[in-house]
Structure formats: C-alpha cells, structure tokens
Amino acid sequence: MNILLPPITFIALLFVWPLYLVFKFLSFIKRHLFSENVAGKVVIVTGAASGIGEQMAYEYAKRAAILVLVDIREDRLGAVVDSARRFGSPNVIAVAADVSVEEDCKRFVDAAVNNFGKVDHLVNNAGIARQCSFKNVDSISKHTPIMDINFWGAVYGTHYAIPHLRKSKGKIIVISSTCGWYPLPSLSVYNASKAALISFFETLRMEMGGAIGITIVTPGLIKSEMSLSASSLKAIPMESKEECAKAIVISGCRGDKYLVEPSWVRILFPWKAFCPELIEYCNRRLALMSRRHVIANSNLTQSTYHKTE
C-alpha cells in the first residue's frame, strides 16, 4: 500500500481536481446569489457583551433579525441590547448565562424558544484565553475553564439547539481561531480548545448531512485585548472587530462551510503543510521575542481575557 497508493492518488487527483474546481465555482455562485435573508429570524449569540460577539449582534440587528444575546457579564448586556434595537432588531432579549454550565445553555435555548417559538441561527462565540507557557504552569486547574468555556460551552448550546435548528433548517456559526490549525506558543490549552471545536463541528456537519448548515470561522489577528497586549504582534496589521463580524455574518448567511478572516491568513496553510520545521522555528523565535514583554507584564498575561478576537 505504501508503494501503490501515492501514484494512484496522484493520478486520481489529475482527473478529480478539475471537476472539483468546477463544483466549487458553481457552489460559490449559488451561495452568493441565494444568501439567506435573516429578517424576522431568531438568532442566539453567545459572548455578546463585547468583542466580535457584540459586533455580530449589531450586524444581525441591521438585517432585522430577532436576537437572544447571551453573556456571563449581565451588567454589560443591557447596553448591547439597547444598541441592537437602535440598529434595527425588532426584538432583543438578554440572558445572563455561563456557557460552561450545561443547565445555563439549556436555559438560553429555552428562552429563545419560549419567547419567539424557534431558533434559526446559533452563534457559538463565547470564549476565553490564558497566555502562559505550559512549562511555567503551576496548576492545571487554572486552565481547565478554557476548555470548559471554549469547547464544552459550544457543545452544550449546540446539543440543546439542534432539535429546533432541524425544524427551521437553521445554521450554526462556530467562532474557532486560526490557532486551531496554526498553534502559537504560550497558548497551548487555548490552541487545543480551538482545534477541538474544528474537529467536533466538522464531524457534526457530516452527521447532520446538510440538515443544519455549519460555518466554522477561524479568525486570525483581530484587534482585541489579547492580541494588542502582545508586543511582538503590534507591528502586524490587524483587522477591526467590526469588519470581522460583518464578514462572519455574511459568510454564515451564504452558508459557507469555512471562513478564514482576514483572508490573507490563509497563506499560512501552505507554509505549515510544506515547511513545518521552518514554521516551528519562526514560532519559537516569536515566543522568545514575547518573553520579555510577558515577564514585564506578568500580572496582565496571567489574567483571563474574554475572547474578542
């Protein structure tokens, strides 16, 4: 098999690849011509009190969607609700919930159904990060909330929303991260949580067989508290939260399977695939460049940030 499969695969690709490109082109045209109109549809957005989640709430509001905004920071949701109404949402409710608690996830899905009778879009956006080299971790328990919120928080909400999304032929939008396929140093558990999200929702997409649309988003460098705190990243152009959120909502309404935002981040794919040793070396250098900043700002870098990337 080691001898036969490589040449057979190469020959098969010569025939299949052109047909696949035609299929991709026709699918691209179809998605752009028949983008979903979400006016009057019910959209749940987790992590909606700030960052990309907040901006996505406004983008859906501009499209006249009904919103269920979820966040653990109840004191910040009120202002987002008011702004969403001003942007054009006909009805908005806020639900204070911790997505790492399964009962809370059931509660915000039930709130959407009880108030509006259905769920059309579920946006799994809530997440946190903790920047710290794993060799310096003094207690694993400090890092388990990252997986609880980033991964299980999305799984819980999805579990309770699936019956309603099947009825409405709805969509799930998952905010993962470029770190899910291009891991960066000092973010080991965060990287793992985002990789787990990608794997889980790719599997779920196969299991659902098209009954529910699933868009997996992997944002790259977006202006946020976490990215701006790293001195080694400040020289790299970053996309605004507003631009990123707009691209995500457009992509979700089109029914794209994947979105990398900003799009230039895609260039990392071939580098990682064909030059893994070079990428590993560059990432080690990045870690060394950041070390002085991390040491000088240890109180900041050991804090937990609500995800705004």
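Trainee: Which residues in H5 meet residues in H6?
Mentor: In this predicted model, the H6 side of the contact includes Val189, Tyr190, Ala196, Leu197, Phe200, Phe201 and Leu204. The residues of the contact of H5 with H6 divide into 15 nonpolar, three polar and two charged. On the H5 side, the residues that meet H6 are Ile146, Met147, Asn150, Phe151, Ala154, Val155, Thr158, Ile162 and Arg166.

Trainee: Is H5 roughly parallel or oblique to H6?
Mentor: H5 and helix H6, which covers residues 188-208, pack with their axes 8 Å apart at an angle of about 20 degrees, and their crossing is right-handed. Because angles under 35 degrees count as roughly parallel, the description of H5 relative to H6 is roughly parallel.

Trainee: Is H2 roughly perpendicular or oblique to H8?
Mentor: Helix H2 (residues 51-62) and helix H8 (residues 241-254) have axes 8 Å apart and pack at an angle of about 55 degrees. Since roughly perpendicular requires 65 to 115 degrees, this angle makes H2, relative to H8, oblique.

Trainee: How many residues of the contact of H2 with H8 are charged?
Mentor: Residues of H2 including Ile52, Met56 and Glu59 meet residues of H8 including Lys241, Ala245 and Ile248. The residues of this contact divide into seven nonpolar and two polar, while the number that are charged is four.

Notes. Residues are numbered from 1 along each chain as its sequence is written. This is a predicted model: local features need pLDDT of at least 70, side-chain atom pairs count only at pLDDT 80 or more; totals for chains, interfaces and linings use all residues. Side-chain values use heavy atoms; hydrogens and water are left out. Axes are lines fitted to C-alpha atoms, for helices over the stretch in contact, and angles run from 0 to 180 degrees between N-to-C directions. Helices (H or I, at least four residues) and strands (E, at least two) are DSSP runs, numbered from the N terminus. Angles under 35 degrees count as roughly parallel, over 145 as roughly antiparallel, 65 to 115 as roughly perpendicular and the rest as oblique. Contact means heavy atoms within 4.5 Å. Ala, Val, Leu, Ile, Met, Phe, Trp, Tyr, Cys and Pro count as nonpolar, Asp, Glu, Lys and Arg as charged, and the others, Gly among them, as polar. A crossing is left-handed if the near helix is turned anticlockwise from the far one by less than a right angle, and right-handed if clockwise.
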